[in-house]
Amino acid sequence: MYEGVVQDLIDELGRLPGVGPKSAQRIAFHVLQADPVDVRRLAHALLEVKDKVRFCAVCGNVAEAERCRVCLDPRRDLAVICVVEEPKDVVAIERTREFRGRYHVLGGAISPIEGVGPDDLRIRELLARLADGSVTELILATDPNLEGEATATYLARLCKPMGLKVTRLASGLPVGGDLEYADEVTLGRAFEGRRLLDV
């Protein structure tokens, strides 16, 4: 629709996840109208993140050094590993301030439709971490969707013979939600995961 570099910018922005054609166009025109200093700062931040950020050699989380801040923290419980799909999941769990163990980022979930199998994920690295016997519990915190469930089931079957306690995050009703709006699967899981009230 536009010519030259403006269309190139719109096309590149449109390739970003969650950015549709209209959003790409809006962002492109925002960049055009922005102060050159702000645009340079954005471009610098993009280049810096590509130059400096890598994946932790131990867990696969984002890091600026060989190991991420979680793996470097001596206060973390070495006996518990929480398995997640993506680095953004680590951030979500850390915000709860409930988990004090370490993480393992798979880099996705098993999805035959998208051509992602177990060999495409960081499962070998997880098994290597479990080999020395220092880990006693593996928490499977993959997404509660078809791919996440398949990945959790695969990992549970793989790790159960190691004598580990393998747990799955509970799923069910959101806080502040109404029962009448919950789907059958969510409501069923809420019943399965019910717990005793200590009063």
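UniProt positions are given here in the numbering used for this chain, feature names are shortened, and annotations may be inferred rather than shown by experiment. With that understood, UniProt, in an unreviewed entry, places the feature "domain: Toprim" at residues 79-174.

The model is predicted: local features need pLDDT of at least 70, side-chain atom pairs count only at pLDDT 80 or more, and totals for chains, interfaces and linings use all residues. Residues are numbered from 1 along each chain as its sequence is written, and side-chain values use heavy atoms, with hydrogens and water left out.

Let me turn to the annotated span. Its end C-alpha atoms lie 29 Å apart, and the span is 33% helix and 18% strand; helices (H or I, at least four residues) and strands (E, at least two) are DSSP runs, numbered from the N terminus.

Four strands form an open sheet in the order 4-3-5-6, with parallel pairing; two strands pair if DSSP finds at least two bridges between them. Strand 4 (102-105) and strand 6 (165-168) each have a single partner strand, so one side of each is left without a neighbour in the sheet. Strand 3 (residues 80-84) and strand 4 run parallel and are joined by four bridges. Within strand 4, His-104 stands opposite Val-83.

Finally, the helices on this sheet. Helix 5 (residues 87-96) packs on the sheet and touches strand 3 and strand 4, contact meaning heavy atoms within 4.5 Å. The direction of helix 5 makes about 155° with that of strand 4; axes are lines fitted to C-alpha atoms, for helices over the stretch in contact, and angles run from 0 to 180 degrees between N-to-C directions.
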